[in-house]
Amino acid sequence: MELRKENKVLKYFLITISFIFLGVFLILPLVYIVITALRDGISGYINAVSDEYAIKAALLTIQATAWAVIVNTIFGIAAAWLITKYSFKGKKLLSTFIDLPVTVSPIIAGLIYVLTFGRQSGLYPILDSYGIQIIFAVPGIVLATIFVTFPFISRELVPVLTAQGTDEEEAASLMGAGTFTIFRKVTFPHIKWALLYGVVLCTARAMGEFGAVSVLSGHLRGKTNTLPLYIELLYQGYDFTGAFAASSILVVLAVIVLILRLVIENKGNKELDLNK
Amino acid sequence: MGYVELKNINKHFKNFHASKDINISIEKGRLVALLGPSGSGKTTILRMIAGLENPDSGEILIDGKVVNNVPGSERGIGFVFQNYALFRYMNVYDNIAFGLRVKKVPEAKIKERVTELISLIDCEGLEKRYPSQLSGGQRQRVAFARALAPNPQILLLDEPFAAIDAKVRLELRTWLREMITKLGITSIFVTHDQDEAIEVADEIIVTNEGRVEQSGNPQELYKNPATPFVARFIGNSVEVKNYEKFRYFEKCSGDSTAYLRPEFVSIFKKGESVQFANSAEEAVVEDIIFRGSNLEVRVRLHGNLISSIRSINDSEIKVGETVDVFIYRLYVVAGDEVVLATNTSLQDEDIVI
């Protein structure tokens, strides 16, 4: 307490810096997006937002995001469960590899898939014979999105599961509970909030993904353009109203995610207090 | 034949040999302590009986049947974990009911059993509380009730008092002993605290470095330590290398060491003792520690710091004072042998510990 009193000046200095920083780097650009989007009046904005291609792009983004969340939830829970509840050879390696997408540039992630599934790849003839197209098509976009959001959910779960230990599961299994019952009754209540938080982070990241998706998409308007790619396309075409209007959709989605995150964090913390 | 038997059990954790040729036999209805320092393999033995670990070799028998391949949940055991492992997201009622619900017992019967157990552990009114809202002692009792709910034949407890503060621990020890005696359930608990083992258990199995050193009732262990480790471990033993210098003690063999417990030593103020006036030795008091109900007096004798307990009703002794010291007996360890050496001036008298 003493320390805090003495450093009142420092406290206000830090507050000022934080707010100026946030203002310049975050609030101002967001405000600018809204202003530019509305530059041609409300009707211009509505026209831009309800543009056929804009809606298609938004739907594709939601589609890719949904896939990424579903796949990564399943994989994330499985991986976190495996890493925290079992010991096996190569465990360290596995948990390191899960983090790979965070450290690798998204462009490289995109290129990896082009090399794996593209025309020059050995897999291409097989896929082609079944009529499956991955590169420059929706599956490629989904794959890229899954790749970049890969670690988000498992990374949220691992610390929670580690802190919990395996005692409660052992106790339940000694009483004859099956794996599924143990997960549902004992493990899931622990990871519920962390899982939701991971889903939110995953969603946010998936919606905004540009780099990897850009490499794999082929930029076919109305077919393989996600919202971020569409925005870039409009921007390159000097359609500022359109670009910023589309951006505002992403911003609104981001704000919704942010609010969700706040609610989840609050609820989770309250429950944590109860169950220390 | 014992109700729970372990035959030639070996267990490795990677390169660590946690259990070395363990042979244990526990009779039905006994309350047994697995006592040993940390890392001595006592918890591993408990977890193998529970089926939480599998032995590399050897057989585990319960009620005459080999259970090596029977899952823990079908061995008829209740397990109380060291930190209780209560389900944090379930209230007391649901915690106790869990094992019964898993077994698909009708809800009415569950209610009956849980109510019965809650009154047994004296936790009426706490049914709706979550584990975080309970005191350490209450958690312990709920864990006990949860383990008992499905009517197990054997109760296993891993360091049941380790996480509780000293005062409550003493109460709980007595409580647990009474409960287990009342229920007549075969119980095995792990502890590193010899006071706890001696006070609570009918029988103690002493483990050290993955081996069973000795098993027997507390008095036996105290009186006749079978191995050097037990002689050292039980009681507050002081190591004495040159015990042959003590009056009326002779060197047993060339390379031997003696272990002396405070209760083997009496310290008298000069002229206080008539009985041992001629056989006692003089020593100087180095330290006196007040222990509340008694005093620990430490004297230097032939270079060894020796402790003895003195009643607070005895006349006061001060640091630096010269006193008479009489040693009744000590344990002499030579190689793997433990010999009880008695003061030769006492030879004809019979002293009970």
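## A:G140 and its surroundings

Leaving aside residues up to four places away in sequence, A:G140 touches A:Y113, A:I134, A:I135 and A:L216. The model in which these contacts are found is a predicted one, and A:G140 itself lies in helix α9 of chain A, which covers residues 138–164. Is A:G140 buried or exposed? A residue counts as buried if 20 or more other C-beta atoms lie within 10 Å of its own, and because A:G140 has 25 C-beta neighbours inside 10 Å, A:G140 counts as buried.

A:G140 and A:S173 are 33 residues apart along the chain, and their C-alpha atoms are 42 Å apart in space.

## Chain A as a whole

Chain A contains 14 helices and zero strands, so that its pattern, read along the sequence, is α-α-α-α-α-α-α-α-α-α-α-α-α-α. Along its principal axes, the C-alpha trace of this chain spans about 70 × 65 × 30 Å.

Of the 276 residues of chain A, 34% count as buried. When contacts in chain A are taken between residues at least 6 apart in sequence, 77% of them join residues at least 24 apart.

## Chain B as a whole

Chain B has eight helices and 19 strands, and its C-alpha atoms fill a box of roughly 75 × 45 × 35 Å, taken along the principal axes. Of the 353 residues of chain B, 41% count as buried. Among the contacts in chain B with a separation of 6 or more, 65% are accounted for by residues 24 or more positions apart.

## Where the chains meet

How many residues of chain B are in contact with chain A? There are 18 of them, and they are in contact with 17 residues of chain A. On the side of chain B that touches chain A, the element that gives the most is helix α2 of chain B (residues 92–102), with three residues. Sorted by class, this side of chain B has 11 nonpolar, five polar and two charged residues.

## Helix α3 of chain B

Helix α3 of chain B runs over residues 107–120. Its 14 residues, at 1.5 Å a residue, should span 20 Å, and the end C-alpha atoms are 20 Å apart, which agrees with that expectation. After α3(B) comes B:D122, whose phi is positive, near 65°.

The buried residues of α3(B) are B:I110, B:R113, B:V114 and B:I118. Seen down the axis of α3(B), the buried residues fall within an arc of 135°, and they therefore line one face of the helix. An α-helix has 3.6 residues a turn, so residues three or four places apart point the same way. The cover over the buried residues of α3(B) includes α2 and α4 (136–148) of chain B, whereas on the other side of α3(B) the residues B:A108, B:K109, B:E112 and B:S119 are exposed.

Why can strand β7 of chain B be described as largely enclosed by the rest of the structure? The strand covers residues 154–158, and five of its five residues are buried, so it is largely enclosed. Both faces of β7(B) are covered, with B:I154, B:L156 and B:D158 buried on one side and B:L155 and B:L157 buried on the other. In a regular strand the side chains alternate between the two faces of the sheet.

Strand β6 of chain B (residues 77–80) is joined to β7(B) by four bridges, and the two run parallel; within this pairing, B:G78 has B:L155 as its bridge partner in β7(B). Strand β8 of chain B (residues 186–191) also pairs with β7(B) in the parallel sense, over five bridges, and here B:L156 stands opposite B:I188 in β8(B).

## An open sheet in chain B

Chain B also holds an open sheet of four strands in the order β11-β12-β18-β19, with antiparallel pairing. Its edge strands are β11 (238–240) and β19 (337–342) of chain B, each of which pairs on one side only, and from one strand to the next the twist averages 30°.

Within this sheet, strand β18 of chain B (residues 329–334) is joined to β19(B) by six bridges, and the two strands run antiparallel. Which residue of β19(B) is the bridge partner of B:V333? The partner is B:V338.

Conventions
Residues numbered from 1 in each chain as written. Chains lettered and ligands numbered in written order. Predicted model: local features only at pLDDT ≥ 70, side-chain atom pairs only at ≥ 80, totals over all residues. Buried ≥ 20, exposed ≤ 12 C-beta atoms within 10 Å, placed from the backbone. Contact = placed C-beta atoms within 7 Å. Nonpolar A, V, L, I, M, F, W, Y, C, P; charged D, E, K, R; others polar. Pairing = 2+ DSSP bridges. Axes fitted to C-alpha atoms, helices over the stretch in contact; angles between N-to-C directions. Expected span 1.5 Å × (residues − 1). Arc of directions from axis to C-beta.
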